[in-house]
Amino acid sequence: MNLLPKPLPPLPNPDTSMWVDEAIWGHRLHDEQSPWLVFLEFLNILHHEYGKGRAFTEPDGFNTLCYSPAKRLCLRNILFNNPKLDGIRIMHTTDSSRWGEWFEYIKTTVQGIHNPTFDYLKKHFHSFEDFCEVVSLARSTNIEVNSNKRWTSKFVFPYGKDCLYEDLDKNASSNDRRFFGRTGEVLYLMLCRSQLKQELLFELKGKVLQDNSNWNTIIKCLQPDDDDSDRSKRANAFLPYEKHSSFDDLAKDWLAILKLDMPSFDMLPHIVNLTGLHLLKYQLTISQQILGLLRPTKIVCEVVAPKKNVGA
Amino acid sequence: MTSSKWIAFLRQYGPIPRNDNMYDETIQRSAQKHGIAPIEFEHPAYSKVIACFDKNSTSYPVSVILTGTAGDGKTYLCRQVWKQLKGDDKDWISDNPYMSIQSYYPKVQNTHFSSDCTENYRQFTVHFIRDLSGWAPQQGAEWESDKEELLQRFCKSLFDPESNEIFLIAANDGQLIESWRRLKDTEYVIKARKVFEDLLVEDRQEQPGVRLRFFNLSRGSSAELFDRAIKSFLDHPGWQESFKYKAGENEAFGSNCPIRHNYELLQNPLVQSRLCSLLELCDSNGLHVPIRQILLLLTNAILGHPDVKDHLMVPLDIPKILTAGSVSKASLFNNIFGGNLSETRRQSITVFDYFDRFQIGYETSHRIDNILIFGDTDETLRKYFTQLVADDRFYGADKRYDAAKYQYIEGDDEDQEKSKDFLQLLISQRRGLFFKIPKDSEGELNLWELTVFKFAGEYLSSVVDVLRNGGIVKRPILSRIVKGLNRIFTGMLVNSDREIFLATSGNYSQAKISRILIDRISVDPNKGEKIILKYDSSTGHIILAIYLSSNIIEELVLNLIRYEFLSRIALEGALPTSFSKECYEDILAFKSKLITAYEKRKIMDGTAVGTTLELKILTLSEEGFPNEHFVEIVQ
């Protein structure tokens with residue numbers, strides 16, 4: 001068994017009082033963050049860093065990642081804080097009265113936006129009905145579609161850069177680390193430090209980092225042109241190891257999926273599931289190395305039913 | 001040979017406790033001891049395997065790997081090669097998993113030299129590893145250096161045309177790859193591992209430039225094995241010897257003897273053909289039944305009885321069974337499903353586990369149950385009852401059945417125990433019907449409703465047989481499959497069956513409901529598009545091929561489960577959940593492949609991207625026909 005590499009120095013002013021878990025696994029493995037949300041947090045970082053031309057590198061040294069994710073509050077208010085949309089379509093018969101009524105309504109419910117206007121929508125859609133149809137389709141494909149999380153913790157499918165934003169508290173003002181608990185940052189740093197990062201970036205460029213998909217464009221049309229300005233800086237990401245076999249294993253599995261001949265968005269659920277597995281494996285492997293245990297790690301993956309039926 | 005000697009020998013093939021690793025050896029020894037010839041028939045791979053080592057037909061022998069599940073005939077084939085190379089019988093019975101022999105092959109193919117002049121021959125060492133699991137170290141242990149060295153030599157020899165060493169290695173499924181994973185990573189080990197994996201995954205026997213033939217015996221047809229096995233099983237002289245002695249009617253092999261009756265039943269072509277259908281259906285579901293299991297099935301079918309030692313009858317048991325009136329418990333129809341064995345024993349035996357998945361005995365229709373319960377008193381049903389149940393004086397309606405039925409019909413609700421008795425008997429009777437309903441009544445009585453796979457009969461006769469003989473599947477069947485696919489592809493109760501609807505939920509194709517139409521693909525030939533069913537003779541698979549153009553084709557293996565799944569979705573719209581998960585995901589994955597193919601076609605056609613985006617949204621008319629509704633988005 002490989003020995004655990006010497007950890008990197010801790011952050012100068014960590015934002016937590018008990019620096020224990022963080023010193024072992026990084027800042028941090030968060031138990032309320034599902035693999036999908038880990039992946040979304042990761043995509044926010046990847047797109048940001050890719051935009052700056054430094055994806056998967058740490059140009060200022062280890063653990064110096066600093067990025068600013070988008071908020072996209074117009075989009076989110078339309079999709080997730082707008083329950084009367086369909087009601088308005090049904091109650092009103094003419095297109096102009098529908099738009100008029102809805103503009104009035106949304107002003108009263110919208111949250112987190114200073115002086116909101118939604119006039120831009122009219123130039124993208126021929127009718128209010130088409131607008132409703134697109135909203136309903138976008139909603140039907142959101143992540144964790146049946147969850148009853150707060151509206152600020154609902155996420156549109158990551159069709160491209162314009163679909164990414166960070167989790168926010170219930171007033172839509174700042175990230176309270178409820179569901180974006182930095183595990184996505186750990187994931188990003190793991191891949192930054194894997195030996196396959198160049199190859200991985202190449203594959204991701206062709207598939208995940210492309211912004212010209214139809215649906216990314218459609219989601220973009222639900223946002224005003226200048227909705228990208230309100231961003232806050234996120235720093236203090238920390239992963240204690242310069243390299244580790246777990247990082248390479250993770251990258252290897254991602255690559256295997258990315259190289260398959262399948263529609264790029266169909267790959268994402270598989271990548272997400274593998275990410276969950278690899279984070280678990282990372283946690284167990286490090287624990288083992290710290291304790292000096294030699295037994296191989298075992299994970300129960302299936303409890304076989306005692307009686308088989310035809311489908312089994 | 002007396003009948004009891006024959007039966008005692010036959011039991012070795014049945015479901016008795018034994019050491020499975022030594023099966024072939026045990027049978028050989030027992031045969032010698034009893035002075036009885038073992039049940040033997042030519043293994044389907046025999047001539048191909050022998051040809052690899054035959055000095056009359058080759059100057060360039062190659063190594064052979066035999067892999068497969070326990071009971072696939074690996075040891076048997078090794079023994080045949082050993083015999084062919086004139087190996088000593090004594091060495092063979094030594095039980096040593098490794099042996100070697102020297103053999104001479106002509107330097108030039110197809111030449112025979114009158115003198116044994118050595119310069120015309122090349123000497124080879126043939127290494128036999130007849131049981132890799134018995135020879136390789138236990139999991140977790142280290143390789144012994146001489147063994148590791150031998151396998152390293154083997155790996156090298158695969159890529160060296162000059163090597164004078166060849167190997168015959170037999171390994172259970174999984175054991176091969178597992179053992180190779182534990183060898184030191186030399187250049188040749190890595191190359192060999194890759195070759196094995198490729199051959200296994202791609203289901204092939206050889207690779208250019210590699211001196212190896214690879215036989216994966218678990219890919220063989222169980223139905224073909226059955227045809228060979230039942231013939232030599234029934235023709236074994238042991239039976240004729242047993243019948244020679246004119247037994248009294250209540251003695252073993254007399255006219256009332258269930259062993260005799262079961263033997264006669266097994267000769268019945270209808271019983272054989274239904275059994276063969278079950279094995280063919282196992283094959284088409286990817287469930288392979290090895291030879292050993294087929295012989296176990298046949299032995300148990302004839303000798304099974306729940307009340308005797310090991311649940312297998314011997315001649316001495318017969319008078320007791322007749323006196324006790326428990327002949328019906330020896331029913332061949334029930335024994336075929338392991339009904340004579342305890343539940344745990346039954347579940348641990350592959351063939352019964354597979355047969356259990358058909359749920360024969362538990363599945364039924366109103367019509368069938370009405371015949372079984374009310375058939376003797378109902379005028380319209382009586383002829384079926386008489387023909388299928390009453391006329392069977394062994395396993396039909398005996399006194400026990402009539403009494404239990406009376407209790408069931410007339411008894412009060414509180415007497416659950418008594419009803420349970422009858423329900424058990426009913427299971428046995430339904431199993432009997434599965435083997436007794438004649439071919440020409442199959443449709444009328446809906447034979448296949450006695451199984452979980454209601455479309456299995458149609459699948460075999462109207463799809464597999466038709467395609468195998470070069471015919472074309474009837475249009476209504478293809479239409480039904482297309483309709484089933486459409487319902488899964490869209491997640492809506494679509495009734496269209498002339499086109500495939502490729503739809504997604506956005507850019508993500510695996511969503512449960514997919515309302516965004518990408519394109520339609522025509523079933524009838526149209527601009528290179530078409531959808532056909534065909535037979536792949538190399539694998540025995542039925543293939544649904546969807547042509548997006550003459551050179552962009554996507555294929556789906558249409559096994560029985562998928563056929564049943566799509567048919568039921570098309571006709572009923574829904575399925576019991578136990579069926580659907582795996583099939584459902586397979587079909588969605590197929591849609592994913594079709595969408596990739598569609599994108600490929602688009603690139604080849606050079607379709608331009610415009611500045612407006614148009615979505616085609618599917619809605620359903622009342623008749624279930626999809627309408628497209630357009631939504632345009634201006635960028």
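Which residue of chain A forms a salt bridge with B:R515? In this predicted model, the partner of B:R515 is A:E133, and the closest N and O atoms of the pair are 3.0 Å apart. A salt bridge is taken here as a side-chain nitrogen of Lys or Arg within 4 Å of a carboxyl oxygen of Asp or Glu. Between chain B and chain A the count is two salt bridges.

Local features of the predicted model need pLDDT of at least 70 and side-chain atom pairs count only at pLDDT 80 or more, whereas totals for chains, interfaces and linings use all residues. Side-chain values use heavy atoms, with hydrogens and water left out; residues are numbered from 1 along each chain as its sequence is written, and chains are lettered from A in the order in which they are written.

At the interface, 32 residues of chain B are in contact with 31 residues of chain A, contact meaning heavy atoms within 4.5 Å. About 2800 Å² is buried between the two chains, with 58% given by carbon and sulfur atoms; buried area is the accessible area (1.4 Å probe) that two parts lose on being put together, summed over both. Five residue pairs between chain B and chain A are in polar contact, both residues at pLDDT 80 or more. A polar contact is a pair of N or O atoms within 3.5 Å; within protein, one must be able to donate a hydrogen and the other to accept it, and residues adjacent in sequence count only if both atoms are side-chain atoms. On the side of chain B that touches chain A, two or more residues each come from α18 (350-356), α26 (577-605), β11 (612-620) and β12 (626-634). Helices (H or I, at least four residues) and strands (E, at least two) are DSSP runs, numbered from the N terminus. The most is given by α26(B), with seven residues. By class, this side has 14 nonpolar, 11 polar and seven charged residues, where Ala, Val, Leu, Ile, Met, Phe, Trp, Tyr, Cys and Pro count as nonpolar, Asp, Glu, Lys and Arg as charged, and the others, Gly among them, as polar.

Within chain B, helices α24 (residues 475-490) and α25 (residues 560-572) pack at an angle of about 80°, their axes lying 8 Å apart. Axes are lines fitted to C-alpha atoms, for helices over the stretch in contact, and angles run from 0 to 180 degrees between N-to-C directions. The two helices are therefore roughly perpendicular to each other (angles under 35 degrees count as roughly parallel, over 145 as roughly antiparallel, 65 to 115 as roughly perpendicular and the rest as oblique). Their contact includes B:I477 and B:I481 of α24(B) and B:F565 and B:L566 of α25(B).
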